Amino acid sequence: TETDNRLPAPTGIAVAAGDGDSFRAAVEAAGPGDRIEVPPGEYGNGYFFTGLRGTAGNPIVIAATDPDDPPTFSGGVEGIHLIQPQYVELINLRFSD
């Protein structure tokens, strides 16, 4: 018999609008192939994540659910700080001071 070495299909993780705790929990739980879709809203700042790792063929994606009305990470110096990430994509997110 052959061994199936394929990665599981991406799961997709939903995040509640404007809910920083839900956003943090979703990112912390993310693995290769996951897509975290972030609805419009204000998410504040101070999100630090260490060792977030996707793979070349299955990156972790953090994306706005609506590119025309992206979520905003604002205030402070750092909205999202990734420490030693691998294959993580940030798509259509807004950062402001």
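Here is a quick tour of the structure above, from its core out to its loops.

This is a predicted model, in which local features need pLDDT of at least 70, side-chain atom pairs count only at pLDDT 80 or more, and totals for chains, interfaces and linings use all residues. Residues are numbered from 1 along each chain as its sequence is written, and side-chain values use heavy atoms, with hydrogens and water left out. Helices (H or I, at least four residues) and strands (E, at least two) are DSSP runs, numbered from the N terminus.

**The nonpolar core**

- A nonpolar core is a set of buried Ala, Val, Leu, Ile, Met, Phe, Trp, Tyr and Cys residues joined through side-chain atoms within 4.5 Å. "Buried" means under 20% relative accessible area, "exposed" means over 50%, and "partly exposed" is in between (1.4 Å probe, protein chains only).
- Which residues touch the most other members of the largest nonpolar core? They are Phe23, Ile36 and Ile62, out of 17 residues in that core.
- Two or more residues come from each of α1 (20-29), β2 (35-38), β3 (47-50) and β4 (60-64). The top contributor is α1, with 3 residues.

- Gly20, Phe23, Ala26 and Val27 are the buried residues of α1. Looking down the axis of α1, these buried residues fall within an arc of 125 degrees, so they line one face of the helix. That arc is taken from the directions from the helix axis to the C-beta atoms.
- Over on the other side of α1, you'll find Asp21, Glu28 and Ala29 exposed.
- At the start of α1, a side-chain oxygen of Asp19 comes to within 3.0 Å of the backbone nitrogen of Asp21.

**Phe23 and the aromatic rings**

- Rings of Phe, Tyr and Trp (its six-membered ring) pair if their centres lie within 6.5 Å; planes under 30 degrees apart count as stacked, over 60 as edge-to-face and the rest as tilted.
- Phe23 and Tyr47 have ring centres 5.1 Å apart and planes at 85 degrees, so this pair is edge-to-face. Phe23 sits in helix α1 and Tyr47 in strand β3, so the pair ties together parts that are 24 residues apart in sequence. Both Phe23 and Tyr47 are buried.
- Phe23 also pairs with Phe73: the ring centres are 5.2 Å apart and the planes at 55 degrees, so this pair is tilted. With Phe23 in helix α1 and Phe73 in strand β5, the pair ties together parts that are 50 residues apart in sequence.
- Ring pairs join Phe23, Tyr43, Tyr47, Phe49, Phe73 and Phe95 into a cluster.

**Charged and polar side chains**

- How many salt bridges does a search of the whole structure find? It finds 1, between the side chains of Glu37 and Arg35 (2.8 Å, N to O). A salt bridge here is a side-chain nitrogen of Lys or Arg within 4 Å of a carboxyl oxygen of Asp or Glu.
- Glu37 is partly exposed at 33% relative accessibility, and Arg35 is partly exposed too, at 35%.
- His81, in strand β6, is partly exposed with a relative accessible area of 27%. The side chain of His81 makes a polar contact with the side chain of Glu78 (2.9 Å). A polar contact is a pair of N or O atoms within 3.5 Å; within protein, one must be able to donate a hydrogen and the other to accept it, and residues adjacent in sequence count only if both atoms are side-chain atoms.
- Not counting residues up to four places away in sequence, His81 touches Tyr47, Phe48 and Phe49.

- Most residues other than glycine have a negative phi.
- Gln84 has a positive phi, near 50 degrees. Gln84 belongs to the loop between β6 (80-83) and β7 (88-91) and is exposed, with a relative accessible area of 56%.
- Tyr87 lies in the loop between β6 and β7 and has a positive phi of about 55 degrees. Tyr87 counts as partly exposed, at 48% relative accessibility.

Note on methods. Contact means heavy atoms within 4.5 Å.
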